[in-house]
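Dear colleague,

I am handing over the structure below, together with a written account of what was found in it. Please read the account with the model open beside you.

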Amino acid sequence: MKIKEFMKKYLIGFILGAVSACTVSVIAATYFPSNDVTYDNKESGLKSTNVQGAIDELYVECTTVPTGEQIIEDNNLEKDPYECRYFFTGANPNNYVTFNNETAGWRIISVECDGTIKIMRILTGENRAWNTGSNNNWNQSELNTYVNNTYYNGLNSIAKNQIVSHTWGIGSVTYENNNIADQINDENVAKWQGKIALPTVSEYLRTNSNTNCKTFITYNNNYNTCKNTTWMFNNSNWWTMSAFDGNTLDVYYISANGNFPLLGNTAYLYAGERPTLYLSSDIKITGGNGSQSDPYQISM
């Protein structure tokens, strides 16, 4: 179902914040399609007197609402203050999705304002080098080649059809910079267009529900606490796609204790990979509630 139908089916007391200049608020105790149910209709210009009419009006008026907001009823979907994105935050939000016939094998990182949905594989793949070459440039990395060839070719045809090529930020990130906005800018200095990659350093931070953890985590501060308030942490060593800007070899990875270690952890050493990709804006939610036991089901 598309966003309009999803809203009608699952509207049970939520606030929908739209993007761009269009701000929407629909507040209802429950959804009744009858004409005698009143609601707070000031956001729609006092034009409707029932919830059904409000949804219809607001859907028409707010065409900038991304298709991905069909899952915005989850109270852990947080609007990002830095980019036009919505992140699933916290230790265990309802962001599980079945993809490539892997039941609850993937989780949604973010809903994008272009209507795409960014997902990451839960399991960490076998340890491999980020790059055995002489640099930490994602364009030239062996891990890039692996996920976009060997791994991609192993997906089933339905899954391949659901993936879209997207723009990714591959810029080098300054170590121990506690300004998350600067980190995001660093990532976006350089771009790469492709289908499969890895999460970035800032995405790991932005999925944390603890505001004190949305800055760079170092060995000497709060990493041991912060690992408990993001669903991305999984007790294993795994690569991000963010390079270290202090030299041409180091790449950030998340360690099994939740830290961002660097010393001795250059691109030619080994850690696991968690393939990450964008689902097409044409994706429909066909079932599930996003929990691990009942993950979202998707189709084109």
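**An exposed loop residue, and what surrounds it**

Asn235 counts as exposed, at 58% relative accessibility, where exposed means over 50% relative accessible area, buried under 20% and partly exposed in between, computed with a 1.4 Å probe on protein chains only. Asn235 has its place in the loop between α7 (223-226) and β11, and its C-alpha lies 7.5 Å from that of Ser255, although the two are 20 residues apart in sequence. Helices (H or I, at least four residues) and strands (E, at least two) are DSSP runs numbered from the N terminus.

Before going further, please keep in mind that this is a predicted model, in which local features need pLDDT of at least 70 and side-chain atom pairs count only at pLDDT 80 or more, while totals for chains, interfaces and linings use all residues. Residues are numbered from 1 along each chain as its sequence is written, and side-chain values use heavy atoms, with hydrogens and water left out.

**Overall picture and confidence**

The protein has 7 helices and 16 strands, and buried residues make up 56% of its 300 residues. Of the contacts (heavy atoms within 4.5 Å) with a separation of 6 or more, 60% are accounted for by residues 24 or more positions apart.

The mean pLDDT, which is the predictor's confidence in each residue from 0 to 100, is 79 for the protein, and 72% of the residues reach 70 or more. Over residues 1-39 the pLDDT is below 50, and this stretch has 97 contacts in the model beyond near neighbours in sequence. Over residues 58-70 the pLDDT is likewise below 50, with 44 contacts in the model beyond near neighbours in sequence. Where pLDDT is low, the predicted coordinates should not be read in detail.

**Aromatic rings**

A search of the whole structure finds 10 aromatic pairs, a pair being rings of Phe, Tyr and Trp (its six-membered ring) with centres within 6.5 Å, counted as stacked when the planes are under 30 degrees apart, edge-to-face when over 60 and tilted for the rest. The rings of Trp168 and Trp192 form a tilted pair, because their centres are 6.1 Å apart and their planes stand at 50°. This pair links distant parts of the chain, as Trp168 is in strand β8 (residues 166-169) and Trp192 in strand β9 (residues 191-194), 24 residues apart. Trp168 is buried at 2% relative accessibility, and Trp192 is buried at 10%.

Trp168 also pairs with Tyr278, and here the centres are 4.9 Å apart with the planes at 75°, so the pair is edge-to-face. Tyr278 is in strand β14 (residues 276-279), 110 residues from Trp168 in strand β8, and both residues are buried. Trp168, Trp192 and Tyr278 belong to one aromatic cluster that also includes Trp130 and Trp138.

Two rings have a charge over them, which requires NZ of Lys or CZ of Arg within 6 Å of the ring centre and within 35 degrees of the ring normal. The charged end of Arg107 sits over the ring of Tyr96, 3.9 Å from its centre, and that of Arg274 sits over the ring of Trp238, 4.8 Å from its centre.

Leaving aside residues up to four places away in sequence, Ile119 touches several residues, among them Val97, Phe99, Trp106 and Leu277.

In helix α5 (residues 180-187), the buried residues are Ile180, Gln183, Ile184, Asp186 and Glu187. They fall within an arc of 155° seen down the axis of α5, so they line one face of the helix; the arc is that of the directions from the helix axis to the C-beta atoms. These buried residues of α5 pack against β8, α6 (201-206) and β11 (238-243).

**Two positive phi values**

Most residues other than glycine have a negative phi. Asn101, however, has a positive phi near 65°; Asn101 is in the loop between β3 (96-99) and β4 (102-112) and is exposed, with a relative accessible area of 69%. Ala104 has a positive phi of about 55°, but Ala104 is found in strand β4 and counts as buried at 11% relative accessibility.

With kind regards
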